[in-house]
Amino acid sequence: MRIFIAAISFVLLSGCTVIQPFIDKFTIAQFDENEYALVNKIRTVADLAGQRCDDQLTSKLYAKSLYHYGIELKNYSQYIPKNEQTKKPVELLYKMTVDVNDRYNKQETVSKTYCELKYKSIQQSAEMIQKAIGNRPRPSVW
Amino acid sequence: MIATEFHVLALQADQLVSEYKEGKLTADEYKELVQNMNMMQAISQDTANLEENIVYRNMIVNAINIATALA
């Protein structure tokens, strides 16, 4: 009993600092349809791009388009409250889109294998993020 | 990381190494794709953590709702 009272007193006396990390862990930003749509765009464009790796010009245009969506998603997610857990994977996805765009800008001819593997990995990464954020709680209608 | 994602990553890593050995990638492209695999692994871990937290959060909310309804 004494230990229990001591534990409760410790929590009460130290305010919310002890339990705050626990609360933060489970307070998650609600489902955001714009964020979800942007991730879906990246996934879809990467999927289409992977099918056009025979055509350098088309894949280059897809790379540019992915970079635009990547930066748009990164900026959009940045200031959504309680969205820390999404920011990190989104930044990594953004970095992938930067890399592919840079590659097409600096290299005259990009290998077909690179094209296929790169777009496939962007598509799969976007799908992982989409799956996670799609499960987020929907805003309450009440 | 869930098993399916791990399997996808493992397959992709295998493909990457074999294609490089066959000379279908430049050294620079290969290096970038290896970094890419690491990023994918990190994304997989982060999203798995997020999904786990969503599950716990939903359990807590459900428990609170049930307790409120009973009160």
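**Reading loops, helices and a chain contact**

Reply: The labels are DSSP runs (H or I of at least four residues for helices, E of at least two for strands), numbered from the N terminus. This is a predicted model, in which local features need pLDDT of at least 70 and side-chain atom pairs count only at pLDDT 80 or more, while totals for chains, interfaces and linings use all residues. Residues are numbered from 1 along each chain as its sequence is written, and chains are lettered from A and ligands numbered from 1 in the order in which they are written.

Me: Is Thr109(A) buried or exposed?

Reply: Count the other C-beta atoms, placed from the backbone, within 10 Å of its own: 20 or more is buried, 12 or fewer exposed, and in between partly exposed. Thr109(A) has 8, so the residue is exposed. Its C-alpha atom is 19 Å from that of Leu48(A), 61 residues away along the chain.

Me: What do the counts give for Lys82(A) and Gln51(A)?

Reply: Lys82(A) lies in the loop between H4 and H5 of chain A, and counts as exposed because it has 12 C-beta neighbours inside 10 Å. The phi of Lys82(A) is near 60°, a positive value in a residue other than glycine. Gln51(A), in the loop between H3 and H4 of chain A, has 13 such neighbours and therefore counts as partly exposed. Gln51(A) and Glu116(A) are 65 residues apart in sequence, yet their C-alpha atoms are 7.8 Å apart.

Me: How many helices and strands does chain A have?

Reply: Chain A has 6 helices and 0 strands, and 34% of its 142 residues count as buried. Two residues are in contact if their C-beta atoms, placed from the backbone, lie within 7 Å. Among the contacts in chain A with a separation of 6 or more, 75% join residues 24 or more positions apart. Chain B has 2 helices and 0 strands, and 20% of its 71 residues are buried.

Me: How do H3(A) and H4(A) pack?

Reply: Look at the axes, which are lines fitted to C-alpha atoms (for helices over the stretch in contact), with angles from 0 to 180 degrees between N-to-C directions. H3(A) and H4(A) pack at an angle of about 165°, and their axes are 10 Å apart. That makes the pair roughly antiparallel, on a scale where angles under 35 degrees are roughly parallel, over 145 roughly antiparallel, 65 to 115 roughly perpendicular and the rest oblique. The crossing of H3(A) and H4(A) is left-handed: the near helix is turned anticlockwise from the far one by less than a right angle, whereas clockwise would be right-handed. Residues that meet include Leu38(A) and Ile42(A) of H3(A) and Leu66(A) and Leu73(A) of H4(A). By class, this contact has 12 nonpolar, 5 polar and 3 charged residues. Here Ala, Val, Leu, Ile, Met, Phe, Trp, Tyr, Cys and Pro are nonpolar, Asp, Glu, Lys and Arg charged, and the others, Gly among them, polar.

Me: Which elements of chain A touch chain B?

Reply: In total, 28 residues of chain A are in contact with 29 residues of chain B. Helices H2 (20-26), H5 (84-106) and H6 (112-134) of chain A each give two or more residues to this side. The largest share, 11 residues, comes from H6(A). The side of chain A that touches chain B divides into 12 nonpolar, 8 polar and 8 charged residues.

Me: At what angle do H5(A) and H2(B) pack?

Reply: The angle is about 160°, with the axes 9 Å apart, which means that H5(A) is roughly antiparallel to H2(B). Their crossing is left-handed. Contributors include Leu93(A) and Met96(A) from H5(A) and Ile43(B) and Leu50(B) from H2(B). The contact of H5(A) with H2(B) has 8 nonpolar, 6 polar and 6 charged residues.

Me: How far apart should the ends of H5(A) be?

Reply: The expected span is 1.5 Å times one less than the number of residues. The 23 residues of H5(A) should therefore span 33 Å, and the end C-alpha atoms are 33 Å apart, which agrees.

Me: What covers the buried residues of H5(A)?

Reply: The buried residues of H5(A) include Pro89(A), Leu93(A) and Tyr104(A). Their cover includes H3 (33-50), H4 (56-78) and H6 of chain A, together with H2 (27-70) of chain B. In H2(B), Ile43(B) and Leu50(B) are among the buried residues.
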